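The following exercises are intended for a reader who is meeting this structure for the first time. Each task is followed by a solution in steps.

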Amino acid sequence: MAVPATKLKEKKEIIDVGLEEGAARLTYEKIEQVINRVITGEMAARMKVYVDTCIHCGMCSTACHYYLSHGTPEWAPVGKVKQTMWEILEKKGKVSPEFIKRASIIASTECNVCRRCSMYCPYGIDIAYIMATVRRICHLLGVTPQYIQDTAHSHSATMNQMWVKEDEWIDTLQWQEGEAQAELPSLRIALDKEGADIMYSVIGPEPKFRAQLIYQAAILMTAAGVDWTMPAGPGWDNSDMAMFTGDFEIMGRVKRTHFEAAANLRVKKIVMGECGHAFRSVYDVGNRWLGWKMPPIPVIHATQFYYELLKEGKIKIARKLKEPVTLHDPCNIVRGRGLHEMMRYLVNATCENFVEMYPNREQNHCCCAGGGVINCGPPWKTKRVESNSIKAEQLAATGVHICIAPCHNCHGGLDDIINTYKLNMHTMFFIDVLMKTMEIPDSLKA
Amino acid sequence: MQGIYEFVRGPLLWVTFVVFIGGSLYRLISMYYLARKKEAFIFSYLSLKYSLRSILHWIIPFASANMRQRPIMTVMSFLFHICLLVTPIFLLSHIILWDESWNLSWWALPDWIADIMALVVIGACIFFFFRRQILPEVKYVTSTADYVILAITAAPFITGFLAYHQWIEYRTMLILHILSGETMLMAIPFTRLVHMFYFWFTRAYMGSEFGGVRHARDW
């Protein structure tokens, strides 16, 4: 008898060429050798203490949006650690290629390393670090989902995430500059201006897909009278998918290039666009890999920059948004940098009607796109969206039609959730809100 | 029988103290050196203020969001840990032993309270046992070792309770009680019961990262 089509769809295994071909190349010897190299060379006291301390209480489970959406134990953070790291350590690396493939799927597509579980563990075990280490092992074994591996290749070859060539980058900036000059004739996107106060850096997808964000940033900088610049060459991209594949060597090269661009321009600080993962890479992970306890050049996220501009009176709000809005707290700038109160100041300054979603601030549910999961590409999209029904419920409960989310990955993830669950909502960046609400001095207008 | 009693009360007790204290020091010191050697950055992020802030939020009942979401588990685990630590230290019969051997004595719990506290520990162990059996997310990650360490923890309290009430042959029960207590102490450094010591460090590190670097709350 024929199986109903829906059943077939449910059972269909996701085929990812990066995982299939990667696993096909493996041998037991190679796996054991690589794992033991990581165990003895890269893991140390932290991993030992975490594994020895975990009392298997399961209290991390309700931290995870995958678990909250699916409700079965293999989606709980500790369940994922059991299926990966415990097994790897217990068998001292004597695991099969099939196991490595499964471990890569779990670590790369069933965990956003959002660190909510670290906050729910009574011992404060850094479960995201454990999953990142699993990714590291899979990377060293060459078993990484193809789409995100491609972005890591792009980082390696071009120092940006999206295979953007240098002339394309400059051309895009000049194009956006030209467009924006129709609004503010004196506007410039100054390239490689040595001694500027601020270097503004963005992620590769901005020139590739969301060039209007650069236009908007230029309007904001001009209206606020900021002395800013962008690098013309490598270093303009602050994003970092290598961090999420576990390719720390590439991560280090990418971050060094970014910091060096700022150092060569002798800027006072780096301001980053509204991206969460890039902030994590520059502020938390990449700098440490390079040996800097904190970033060698001060780095602030766009939301903090807007907050400071508003506080200092450099930009003024002419009219507030009337429609009710809600705010999604991105993990990497909230659990990663505590910007939640500054963001609330921004929302209240620019919007008349702010509706909190619950839970919020550090407790917010993840978008399920970050941590490189959305970058694993179309094969994994349905799973990613189905794995975050809890977010759909949380968004729907606000009853509003606008969700502000100051993070690129969150945007992608939330847009997919909104479309799939038909939430009649749309996402905005803070810069979108500012463009609608801030005052443009008459002296600057055309 | 007297011979066995003399043995568990004498030489084996010394072995226990050596293994427990020596083993615990070994675990802590070796971890310290390993971290110093390979993960020295940990120490540069440690902050006393944020360590204490984090520890306090996790040793005060209901001070963290997760604890508030699980009121039964929170009450049970706090009662369990408090009774587990306090009862053996402030039990009159234990203090008498200290007094006989070392001339040391301190305030003791009234026996009836100690009795209730032992029952609380036993009850909590039963609760944890069924929690492991019933909740899918706990059962999924439970292995034999988890039941073994639960049994190791429960045994001194069960045997102690029975010995005190002398319902079953007293001498045998007393020997079993001493043996199980010694087993528990010796198991601490070498099983996941070591969380008794590691808790403070994992919390301190996570607290320092969240407080000092990430400017966020970890509770």
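**Exercise 1: A pair of helices**

The crossing of α1(B) and α11(B) is left-handed. The model examined here is a predicted one.

Task. Determine whether α1(B) and α11(B) are roughly parallel or roughly antiparallel to each other, and state which residues of α1(B) meet α11(B).

Solution. 

1. Locate the helices: α1 of chain B covers residues 2-9, and α11 of chain B covers residues 170-187.
2. Consider the axes of α1(B) and α11(B), which come within 10 Å and cross at roughly 25 degrees.
3. Apply the cut-off: angles under 35 degrees count as roughly parallel. The helices α1(B) and α11(B) are therefore roughly parallel to each other.
4. List the contact residues. From α1(B) come Ile4(B), Tyr5(B), Val8(B) and Arg9(B); they meet Arg171(B), Ile175(B), Ile178(B), Leu179(B) and Glu182(B) of α11(B).
5. Classify the residues of this contact between α1(B) and α11(B): six are nonpolar, none is polar and three are charged.

**Exercise 2: A sheet in chain A**

Task. State in which order the strands of the open sheet of chain A are arranged, and which strands are its edges.

Solution. 

1. Three strands of chain A form the open sheet, in the order β5-β6-β7, with parallel pairing.
2. The edge strands of chain A are β5 (325-327) and β7 (426-428), each of which pairs on one side only.
3. From one strand to the next, the twist averages 35 degrees.
4. Examine one pairing: β5(A) and β6 of chain A (residues 402-404) pair in the parallel sense over three bridges. Within it, Thr326(A) has Cys403(A) of β6(A) as its bridge partner.

**Exercise 3: Two domains of chain A**

Task. Describe which helices of domain 1 of chain A each supply at least two residues of the side that touches domain 3 of chain A.

Solution. 

1. Begin with the domain assignment of chain A: domain 1 (15-144), domain 2 (150-311 + 440-444) and domain 3 (325-437).
2. The C-alpha centres of domain 1 and domain 3 of chain A lie 27 Å apart.
3. In the contact, 16 residues of domain 1 of chain A face 19 residues of domain 3 of chain A.
4. The residues of the side of domain 1 of chain A that touches domain 3 of chain A divide into seven nonpolar, six polar and three charged.

Key
Residues are numbered from 1 along each chain as its sequence is written. Chains are lettered from A and ligands numbered from 1 in the order in which they are written. This is a predicted model: local features need pLDDT of at least 70, side-chain atom pairs count only at pLDDT 80 or more; totals for chains, interfaces and linings use all residues. Two strands pair if DSSP finds at least two bridges between them. Helices (H or I, at least four residues) and strands (E, at least two) are DSSP runs, numbered from the N terminus. Axes are lines fitted to C-alpha atoms, for helices over the stretch in contact, and angles run from 0 to 180 degrees between N-to-C directions. Angles under 35 degrees count as roughly parallel, over 145 as roughly antiparallel, 65 to 115 as roughly perpendicular and the rest as oblique. A crossing is left-handed if the near helix is turned anticlockwise from the far one by less than a right angle, and right-handed if clockwise. Two residues are in contact if their C-beta atoms, placed from the backbone, lie within 7 Å. Ala, Val, Leu, Ile, Met, Phe, Trp, Tyr, Cys and Pro count as nonpolar, Asp, Glu, Lys and Arg as charged, and the others, Gly among them, as polar. Domain bounds come from an automatic or database domain assignment.
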